[in-house]
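Hello,

Here is the structure I promised to pass on. My notes on its aromatic rings follow below it.

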Amino acid sequence: MEYIKLQIGCLAVLVYVAFIYLRECRRNHSSLKDTLFDELLILGIAEVFFDGVTAYAVNDDKLIYTAFNRVFHALLLSSLDAVIFVFFLYMLHITGAFPKKKTDKGLIFLPFILNIIVVFCYSPSLEYIKGEYTNYSMGVSVYTCYIMAAVYAVMSIIIFIKRWNYIETHKRACVMTYLFMLAVVSTVQMIFPEILLSSLAVTMFVIGVYMNSEDPALRTLSQLHTETVMSFANLVENRDNSTGGHIKRTSRYVQLIAEELQNRGYFGDVITKDFITNLLKAAPMHDIGKISVPDAILQKPGKLSDEEFAQMKLHAEKGGEIILETFRNLGDEEYRKMAYEVARYHHEKWNGRGYPEGLERKEIPLAARIMAVADVFDAVSEKRCYRDAMPLDKCFDIIRQGSGQDFDPIIAETFLDIRDKVEEVHAEFAADSRAAAVSVEDIEAEMGKSVIIK
């Protein structure tokens, strides 16, 4: 047992993490398979288990050179390769760098598949060496395992550096720690093969990823916050006979614009993963100031008078004030600042003729400039109490004509370039609205039948 104390301890820790993880998933009715953590956890447990079995086997003279030993060595090396490979996929996932083309995906998986084949083919030829403190194995299978670990470690570091802005701030330090640890452990293991550190490294990987980003309780808490904000915003929107679709549609348009700007490299020093995350949480709050506008103005079917319009314009200022007061003790200053900027400045215009402050060009916060395009497009493309929806061609023309006047030309140009994606979102919500209308009609019909029967 003296040879596997480390593995037993690591296995106990990972099993405990798995128990907590499954309990929280069941309690919060959530599944996080899209983050690859499920796979990382299972493979981590497998790697530590096989590490313990092989450590015991190579130090037992009765088991050395047996088929049993060779099989478990192959499984150990394969599971270790798999952990490193899944961590690489996790890096691609959190940075948004995962390729979409099948050929590119194949290139990512190819080294891993080839390595697994080599490991199993050459496991019978492994040599078992007696060390000063413990026995260990060497051979082609081990060397290819080291090489693959080095390749994916280098690729992970390159992705981390190139996609720095695509990683949330709170994840950067942890990812940096993972990569540093992977490099150190791999180097030490290659130079001193007798020191078996793989199980410790894998355990630290899994625990770090879990605590930093994949705890279901934290995910659920974040989701509840988002849903609360969305519900609050919908309550305000419903005062002007909206169904709340404006909130959801503009949020989707904002996401499309921000992600496309990031993909094109525009505003690279500003549009980070944190920026997009905060923007998507702030967008639903852009019209929160309408809560202070009287119903007679908000729901007026005709054109507003100059006095009424002046009162309507106050919703931008009021919105900013509400954000500052409501989120005063939130603890997330970056989100609070962005929500304030979106609410207060989304009616500012590129040429300085907007309100409430008459800001122009880059004086207007970037988040508000993005919100302005999404807000105007949705306002003209949907039916309002005072007019019908405009044809989509006309809606896109309004954005085109407003480029460089009402809107940031780069943002307007980007929006027009992704017209197909915008139309998909528009059609999706239109279909949902029709389905909802049919459901309401069915319910009313059933209620009418019930009345007749009675």
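A search of the whole structure, which is a predicted model, finds 15 aromatic pairs. Rings of Phe, Tyr and Trp (its six-membered ring) pair if their centres lie within 6.5 Å; planes under 30 degrees apart count as stacked, over 60 as edge-to-face and the rest as tilted.

Take Tyr253 and Phe377. Their ring centres are 5.4 Å apart and the planes stand at 85°, so this pair is edge-to-face. Tyr253 belongs to helix α9 (residues 245-264) and Phe377 to helix α14 (residues 366-381). Helices here are DSSP runs of H or I, at least four residues, numbered from the N terminus. Both Tyr253 and Phe377 are buried (under 20% relative accessible area, 1.4 Å probe, protein chains only).

Phe377 also pairs edge-to-face with Phe415, at 5.1 Å centre to centre and 65° between the planes. Phe415 lies in helix α16 (residues 409-417), so this contact ties together parts 38 residues apart in sequence. Phe377 has 0% relative accessibility. Phe415 also has 0% relative accessibility and counts as buried.

Elsewhere, Phe85, Phe88, Phe109, Phe112 and Tyr152 form one aromatic cluster.

The charged end of Lys281 sits over Tyr335, 5.0 Å from the ring centre (NZ of Lys or CZ of Arg within 6 Å of the centre and within 35 degrees of the ring normal).

Residues are numbered from 1 along each chain as its sequence is written. Local features need pLDDT of at least 70, side-chain atom pairs count only at pLDDT 80 or more, totals for chains, interfaces and linings use all residues, and side-chain values use heavy atoms, without hydrogens and water.

Best wishes

How values were computed
Helix = DSSP H or I, 4+ residues; strand = E, 2+ residues; numbered from the N terminus. Buried < 20%, exposed > 50% of the residue type's maximum accessible area, 1.4 Å probe, protein only.
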